[in-house]
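Visitor: Please show me the protein. I would like to ask some plain questions about it.

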Amino acid sequence: MKVEEGALVRLEYQVFDATGELFESSEEGGPVETIVGSGELPLGIDNALAGLEVGAKLDLTLAGEDAFGEIDPDRIETVPRAEFPEADNFTVGESVELQFEGEEGESEEEIPEDPITALIIDINPEAVILDFNHPLAGQSVRMCVTVLACEAGEASTETQSSVDSND
């Protein structure tokens with residue numbers, strides 16, 4: 001079966017930053033399973049997977065906008081120092097995981113369940129400045145991907161079922 005939008009694929013991968021250093025690999029957490037076109041993969045990989053078969057390998061260099069997006073200034077936030085008392089334990093350039101708690105009036109759907117990673121870009125007496133962009137945002141990256149498995153997605157299955165029922 002060829003990979004198409006809506007297909008469930010299992011992939012091995014390696015991601016290298018702009019300097020060529022290994023940033024992340026499926027060797028650490030195992031292969032990733034995702035639906036092609038769901039937005040979970042970088043756009044450049046989603047597009048490159050179309051038409052490939054199980055066993056196919058990709059080795060692509062992607063521009064920032066096709067990989068992890070450009071740096072979004074709206075994802076850089078200034079947090080008053082009083083709201084970040086543990087700032088004394090961190091240094092500029094360090095990544096931190098933050099767990100958000102709901103504020104009065106917020107519904108549970110508005111509060112992220114999982115911790116969110118941010119890069120500390122400044123600590124001063126008044127505030128801590130945090131960057132919530134992906135660590136590779138704005139960078140060209142090299143991605144090596146191997147298609148381990150591919151299953152038809154719901155749209156393909158529905159189409160196949162309707163074709164079969166017309167016989």
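Visitor: Is R81 buried or exposed, or in between?
Guide: This is a predicted model, in which local features need pLDDT of at least 70, side-chain atom pairs count only at pLDDT 80 or more, and totals for chains, interfaces and linings use all residues. Residues are numbered from 1 along each chain as its sequence is written, and side-chain values use heavy atoms, with hydrogens and water left out. Buried means under 20% relative accessible area, exposed means over 50%, and partly exposed lies in between (1.4 Å probe, protein chains only). R81 has 21% relative accessibility, so the class is partly exposed.

Visitor: Which residue meets R81 in a salt bridge?
Guide: A salt bridge needs a side-chain nitrogen of Lys or Arg within 4 Å of a carboxyl oxygen of Asp or Glu. The N to O distance for R81 and its partner is 2.3 Å.

Visitor: How many salt bridges does the structure hold?
Guide: R10 is in strand β1 (residues 8-16) and E33 in strand β3 (residues 32-35), 23 residues apart. The number of salt bridges in the structure is three.

Visitor: Is D131 buried or exposed?
Guide: D131 is found in strand β8 (residues 127-131). Not counting residues up to four places away in sequence, D131 touches R75, I76, A118, L119 and I121, where contact means heavy atoms within 4.5 Å. The relative accessible area of D131 is 14%, so D131 is buried.

Visitor: In which strand is I121?
Guide: I121 has 35% relative accessibility, so it counts as partly exposed. The residue range of its strand is 116-123. The strand is β7.

Visitor: What percentage of the 167 residues in the protein is buried?
Guide: D131, with a relative accessible area of 14%, is one of the buried residues. The share of buried residues in the protein is 31%.

Definitions and conventions: Helix = DSSP H or I, 4+ residues; strand = E, 2+ residues; numbered from the N terminus.
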